[in-house]
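Dear colleague,

I am handing over the structure we talked about, and I would be glad if you could look through it with the notes below beside you. Please set them against your own reading of the coordinates.

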Amino acid sequence: MSTTHKQDGNDHLSLAPSASHTTLDSISQTLYIVVNRGDPIDSYSMRHTSFWIEFSDGRNLLSHVCGAASFFEFEERWNEAQPQEGKNFERIIFVVTVRTTVDDMTIRNTLRQTPVNNKERSWNCQTWIGDGLRRLQDAKLLREANTVSAADQMVDVLLEAPDEE
């Protein structure tokens, strides 16, 4: 299912690393939700969520919002280590696999365009995942069943956190 990729340590904010294929080649993109335990306190609201895209040509992309209430920022990082290798990794949730061309960045671009809401203090990375799933569904990249299943699984993992606030 997953292969290990070497982390290059660089943040790439606008362009995908070039693939060693022609742009007409077909590849798959698999979208996941990653849930990490809260640190230093693992509670429902402190668990961090992100999107992870694995490309069948070996590339990967982590998309998430980071920060704190009223100060969240979108961030993406190309070719990171597998999420399962992180010290706070809790679960990876399959969302969908799609066939695309090598240069098709529709999923990535839809997630990049998902707004960051710094007006509502209760808004966080978990809310952003829900917003991103809805945008992917609105763009016809996900079926409603995929959206509901992924969101439900994410909430289940969040609720498994041992500490309550």
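Predicted model: local features only at pLDDT ≥ 70, side-chain atom pairs only at ≥ 80, totals over all residues.

I begin with V34, which is found in strand β1, spanning residues 26-36. With a relative accessibility of 2%, V34 counts as buried, because the cut-off for that class is under 20%. Apart from neighbours within four places in sequence, the residues in contact with V34 are H48, T49, S50, W52, P83, F89, R91 and I92. One of these contacts, F89, is 55 residues away from V34 in sequence, while the two C-alpha atoms are 7.8 Å apart in space.

The strands that follow can be read around β3, which covers residues 60-66 and is largely enclosed by the rest of the structure, since six of its seven residues are buried. On one side of the pairing, β2 and β3 run antiparallel and are joined by four bridges, with I53 having L61 of β3 as its bridge partner. These two strands form a hairpin with four residues between them, in which G58 takes a positive phi near 105°. β3 is also joined to β4 (residues 73-78), again in an antiparallel arrangement, by six bridges, and here L61 stands opposite W78. The hairpin of β3 and β4 has six residues between the strands, and G67 in its turn has a positive phi of about 130°.

Turning to the helix, G132 has its place in α2, which runs over residues 125-138. Its relative accessibility is 0%, and G132 therefore counts as buried. Leaving out neighbours within four places in sequence, G132 is in contact with F51, L111 and T114. The C-alpha atoms of G132 and R112 are 8.9 Å apart, with 20 residues separating the two in sequence.

Finally, there is a nonpolar patch on the surface, formed by Y44, V155 and L159, which together have about 260 Å² of accessible area. Of these, Y44 lies in the loop between β1 and β2, the latter being residues 48-55, and at 35% relative accessibility Y44 counts as partly exposed.

With best regards

Note on methods
Residues numbered from 1 in each chain as written. Heavy atoms only, no water. Buried < 20%, exposed > 50% of the residue type's maximum accessible area, 1.4 Å probe, protein only. Contact = heavy atoms within 4.5 Å. Patch = residues over 30% accessible without salt bridge, like charges linked within 9 Å, V, L, I, M, F, W, Y side chains within 5 Å. Areas by Shrake-Rupley, 256 points an atom, 1.4 Å probe, with all protein chains shown as cover. Salt bridge = Lys/Arg side-chain N within 4 Å of Asp/Glu carboxyl O. Pairing = 2+ DSSP bridges.
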